Amino acid sequence: MSDAITPNPYAAPASDLQQTTGDQVPSIEEALARGYDFSIGELISESWNRVKGTKGIIIGGFLVFYVVLMLATLILGGVIGIFGALSENLFLAFVGEIVISLLASALAYPFMAGINMVGIRRAADQPISFNEIFSHFGRTVPLVITAVVMMLLIYLGMFLLLIPGIYLGVAYLLAIPLVVERGLSPWQALEASRKAITQHWFKVFGLFLLLGLIVMVSAIPLGIGLVWTIPLMVIAMGVLYRTIFGVLPAAQ
């Protein structure tokens with residue numbers, strides 16, 4: 001008797017949003033070559049079902065981040081302001097503004113990468129924790145470089161008849177998590193995100209346009225709805241990422 005297992009011809013077809021297990025995670029090249037597809041309605045529905053258990057982590061992370069950023073900006077701004085007033089040096093004041101902007105970027109992008117990873121891990125049914133949000137500052141330099149190159153290219157595209165900028169603004173949505181989750185260089189992450197999203201650019205654009213509208217409407221009643229819709233958007237990004245690239249097993 002043969003030990004071979006014959007596939008069940010009556011089995012239900014796998015969903016486009018089916019989670020990829022650890023030993024089936026494709027390389028970036030394989031992910032780009034295999035293609036993907038998704039339904040906007042199904043993706044949002046799955047994301048909504050995964051919001052439970054993440055609200056405290058995501059909203060709490062945002063609050064802690066904004067408090068830390070505000071305090072750091074106030075303290076550094078106050079110190080620079082005092083020195084600028086004492087020296088009456090406009091150049092020093094200008095340099096101070098640049099330093100504050102760099103500080104904000106250095107704090108913001110590793111934090112955003114952490115938020116993205118919470119959504120990605122939730123989408124892959126991996127353990128999530130509050131510490132995830134603040135555990136990627138070791139990649140601050142590549143993350144900031146990615147963000148700077150991304151913004152320069154988007155602004156250049158906006159200057160060139162607007163449409164190229166809108167295209168790149170959507171196409172680069174997954175660049176930041178690719179730097180963290182796959183360890184790609186800034187340019188590799190930007191290109192991988194662009195090539196992947198270009199396969200279904202209009203559908204991805206429609207997905208985040210709809211999510212943006214949901215967030216805007218939820219903010220109307222005193223912003224209470226944001227407690228649910230902000231995690232919804234974060235997890236939707238994670239489900240999209242998982243659908244395209246798969247998710248590597250979490251480090252033990």
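## Element order

From the N terminus on, the elements run α-α-α-α-α-α-α-α-α-α. The protein holds 10 helices and zero strands. The model is a predicted one.

## Burial and contacts

The protein has 252 residues, and 41% of them count as buried. Among contacts with a separation of 6 or more, 76% join residues 24 or more positions apart.

## Surface and nonpolar patch

One nonpolar surface patch covers about 630 Å² and is made by M158, L162, I166, F205, L209, L213 and M216. Helix 9, residues 201-218, gives the most to this patch, with four residues.

M158, one of the patch residues, is found in helix 5, which spans residues 140-159. The relative accessible area of M158 is 36%, so M158 counts as partly exposed.

## Helix 6 against helix 9

Two packed helices are described by the angle between their axes and the distance between the axes. The axes of helix 6 (residues 163-171) and helix 9 come within 10 Å and cross at roughly 75°. Helix 6 is therefore roughly perpendicular to helix 9.

On the helix 6 side, the contacts involve I166, Y167, V170 and A171; on the helix 9 side they involve W201, V204 and F205. I166 and F205 take part in this pairing and also belong to the nonpolar patch.

Technical notes
Residues numbered from 1 in each chain as written. Predicted model: local features only at pLDDT ≥ 70, side-chain atom pairs only at ≥ 80, totals over all residues. Heavy atoms only, no water. Helix = DSSP H or I, 4+ residues; strand = E, 2+ residues; numbered from the N terminus. Buried < 20%, exposed > 50% of the residue type's maximum accessible area, 1.4 Å probe, protein only. Contact = heavy atoms within 4.5 Å. Patch = residues over 30% accessible without salt bridge, like charges linked within 9 Å, V, L, I, M, F, W, Y side chains within 5 Å. Areas by Shrake-Rupley, 256 points an atom, 1.4 Å probe, with all protein chains shown as cover. Salt bridge = Lys/Arg side-chain N within 4 Å of Asp/Glu carboxyl O. Axes fitted to C-alpha atoms, helices over the stretch in contact; angles between N-to-C directions. Parallel < 35°, antiparallel > 145°, perpendicular 65-115°, else oblique.
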